[in-house]
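Here's a quick briefing to read alongside the picture. Take a look at the fold, then walk through the points below.

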Amino acid sequence: MLTCFDRIVNSGTVELVLVSGYSGIGKSSVVNELHRVLVEPRGLFASGKFDQYKRDIPYSTLAQAFQSLIRSLLGKSDPELAGWREAFREALGPNGQLIIDLVPELKLIVGDQPPVPELPLRDAQRRFQLVFRRFLAVFARPEHPLALFLDDLQWLDSATLDLLEDLLTQPDVRHLMLIGAYRDNEVNSAHSLIRKLEAIRKAGAVVHEIILAPLEREDLGRLIGDALHCELERVTALAELIHEKTAGNPFFANQLISVLVEEGLLTFDYGEGRWSWDLNSIRAKDYTDNVVDLMVGKLNRLPVETQHALRLLACMGNSAEYALLEMVSQQSNEEMHGQLWEAVRAGLIFRTEQSYTFLHDRVQEAAYSLIPENVRAETHIRIGRLLVARTPPEQQEERNL
């Protein structure tokens, strides 16, 4: 990925890097290292994550990615913002409303835009793809190339898939590094992603593939040795047991270690000043080899009101803003944060300035599985009705209501 980004900086090429592997193998973590160590000094980074429960909303992940970029611009000084405003207006011309429909925050920079004329479906798609390329080109420039990361491609929608093909095969797109991550065990040869990638390669686009494998026993031993601050030889048997139960999956291994601490099977001996454990007790515990089942067990140990709040959050997606959570929970701001605090403390969700986000897809899946199947549809309908009833008409389209 570093070499690829260097080429894009130096020559302005467009390249696609695919990172694949099992859920929890570390795909997102690898890409986020690129963000931290390379992109920020020399370019821009945007990311979005496909949601298995929102596959019917076209372009929602691209909207998520570019919302973060637009919001970062809103904090710039007036002279700087004026330069971006002029660039957007020049690039979008009379079609700015198409992008405002996708990223409403753009209106705060470019102002009101004229309505765009109706076109037949196919022509409207081609127009949108052209306008989106021009919008993207404002960010992807020689002075600041753009790295665009789209996570969980196994759940992408067909409209976004077509748009990605357009970005990778049109000659007017430059200075762009597209990064896509997906679970290869959930994508077979008949999947639309695989078929589209074949077409993209045939069109001459540059595509690289990185396949992440599970941790070897030695790697897991070093990880556990670092975590417990002890010699590799002392943790070898523990690492072998955890590797046996998790097949070397880093996320699963981390969660299992956390559970061992919670259940008192991995403890810190203050007298000796070191960690201790009983292998026979851990073996006898017969932990599941399914990470979702393990996460369900962790969730079940949380207070009932926290479990209820997590179920609502899971229905909203991988993340949700405070205002939406307050709306669907029908709780005050303080009550909502209070209910979710134990999940934050347990490391199952993260709290940012505006939203809560699940630690991992598997945590969201586990929280969603706590809702009995026979009431899931009813829960979604109730949430939808609350959102429609409490959202002003002019904001309903922005929220796909």
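Helix 11 (residues 232-246) gives the most to the lining of the second largest pocket, with three residues. This is a predicted model, so local features need pLDDT of at least 70 and side-chain atom pairs pLDDT 80 or more, while totals for chains, interfaces and linings use all residues. Residues are numbered from 1 along each chain as its sequence is written, and side-chain values use heavy atoms, with hydrogens and water left out.

**The pocket**
- The second largest pocket holds about 150 Å³ of space, a volume being the space filled by probe spheres set on grid points that are joined across faces, edges and corners.
- A pocket here is an open set of points, on a 1 Å grid over the protein atoms alone, where a 1.4 Å probe fits, with protein on both sides within 12 Å along at least five of seven lines; lining residues have an atom within 4 Å of a point.
- Among the residues lining this pocket are Tyr22, Pro214, Lys245, Phe252 and Asp289.
- Sorted by class, the lining has five nonpolar, two polar and three charged residues (Ala, Val, Leu, Ile, Met, Phe, Trp, Tyr, Cys and Pro count as nonpolar, Asp, Glu, Lys and Arg as charged, the others, Gly among them, as polar).

**The strands**
- Helices (H or I, at least four residues) and strands (E, at least two) are DSSP runs, numbered from the N terminus.
- An open sheet is built from five strands in the order 2-3-4-1-5, with parallel pairing; strands pair if DSSP finds at least two bridges between them.
- Strand 2 (44-49) and strand 5 (206-211) sit at the edges with a single partner strand each, so one side of each has no neighbour in the sheet.
- Strand 2 pairs with strand 3 (residues 146-151) over six bridges, and Ser47 stands opposite Phe149 in strand 3.
- Strand 6 (residues 266-269) and strand 7 (residues 274-277) run antiparallel, joined by four bridges, with Phe268 opposite Trp275.
- Their hairpin has four residues between the strands, and Gly273 there takes a positive phi near 70°.

**Two helices meeting**
- Helix 14 (residues 291-300) packs against helix 18 (residues 361-369) at about 65°, with axes 8 Å apart; axes are lines fitted to C-alpha atoms over the stretch in contact, and angles run from 0 to 180 degrees between N-to-C directions.
- The contact (heavy atoms within 4.5 Å) includes Met295 and Leu299 of helix 14 and Arg362 and Ala366 of helix 18.
- The residues of this contact divide into eight nonpolar, one polar and two charged.
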